[in-house]
Amino acid sequence: VFAVHLGVVVAFGEDGTTWHYDGTNWSQQSPSVSPPAGGGFALGYDPLRQVVVLYGSYLQGAFSRDTWEYDGFTWTQILTANAPLSGPSRMAFDATLGVMVARVRNTQMLSDWDWTYDGVDWTSIPTVQGSYPWPQPLVTSPVNGRVWWINKLNTPVIEELEGTSWLPVTATLRPPERYGGGAAVDPR
């Protein structure tokens, strides 16, 4: 993810390493504390609080429900009262709500659940959307700051989060179907 306050892309490896990319060079960081190694986590940037947020991870045969924040120097585990059910997830910042939005696949129920994270706790969004078998990309719209969800169905669907409801984004041309794809916005 691009950490605006640092001016670098922050990457977290499945091996537990943290990296910065300045547009030319990659440099491995040495934070005093880091999340455990693992994959399947969600990574997003909260520009209001100027932190990279990491949720969940697949380690030793199970998904964790941990929340971590990175300020550019160290990772801090955030102990929340609530947390999404464990499973693969995607995350993006919603500027209109001022929160991170995560879509988490509950591996036991084979359904997706939407959650928001405000830096203190996770809150479930009542709307449930299914996008089997993997949560699809979430991106922040450069037009209005809302989170968009790009679904992989027979006909690709793009929806925008408005409060707690997902509303279709009208477009005559849509990207082709993708499995496990990603999406990002270049604000320029």
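1. Rings of Phe, Tyr and Trp (for Trp, the six-membered ring) are taken as a pair if their centres lie within 6.5 Å; planes under 30 degrees apart count as stacked, over 60 as edge-to-face and the rest as tilted. A search of the whole structure finds six aromatic pairs. In one of them, Phe12 and Phe41 are edge-to-face, at 5.5 Å centre to centre and 75° between the planes. Phe12 lies in strand β2 (residues 8–12) and Phe41 in the loop between β4 (26–28) and β5 (42–46), so this pair ties together parts that are 29 residues apart in sequence.

2. The model is predicted: local features need pLDDT of at least 70, side-chain atom pairs count only at pLDDT 80 or more, and totals for chains, interfaces and linings use all residues. Residues are numbered from 1 along each chain as its sequence is written, and side-chain values use heavy atoms, with hydrogens and water left out.

3. On confidence, pLDDT (the predictor's confidence in each residue, from 0 to 100) averages 80 over the chain, and 75% of the residues score at least 70. Over residues 128–133 pLDDT stays under 50, and the model has 21 contacts there beyond four places in sequence; contact means heavy atoms within 4.5 Å. Where pLDDT is low, the predicted coordinates should not be read in detail.

4. The chain has zero helices and 16 strands. Helices (H or I, at least four residues) and strands (E, at least two) are DSSP runs, numbered from the N terminus. Of its 188 residues, 45% count as buried, where buried means under 20% relative accessible area, exposed over 50% and partly exposed in between (1.4 Å probe, protein chains only).

5. Four strands form an open antiparallel sheet in the order β1-β2-β3-β4. Its edge strands, β1 (2–3) and β4, each pair on one side only; two strands pair if DSSP finds at least two bridges between them. β2 and strand β3 (residues 18–21) are antiparallel over four bridges, and Phe12 stands opposite Thr18 in β3.

6. Where does β5 sit? Five of the five residues of β5 are buried, so the strand is largely enclosed by the rest of the structure. Ala42, Gly44 and Asp46 point one way from β5, and Leu43 and Tyr45 the other. β5 pairs with β6 in the antiparallel sense over five bridges, with Ala42 opposite Tyr55 in β6. The hairpin of β5 and β6 has four residues between the strands, and Gln50 there takes a positive phi near 55°.

7. Tyr55 and Trp122 are both buried. Their ring centres are 5.1 Å apart and their planes at 65°, so the pair is edge-to-face. Tyr55 lies in strand β6 (residues 51–59) and Trp122 in strand β12 (residues 122–124), so the pair ties together parts that are 67 residues apart in sequence.

8. A nonpolar core is a set of buried Ala, Val, Leu, Ile, Met, Phe, Trp, Tyr and Cys residues joined through side-chain atoms within 4.5 Å. The largest has 14 residues, of which Val53, Tyr55, Met91, Met100, Tyr117 and Trp122 touch the most other members. β6, β9 (89–94), β10 (99–106) and β11 (111–117) each give two or more residues to this core. A second, separate core of twelve residues includes Val10, Phe12, Leu43 and Tyr70.
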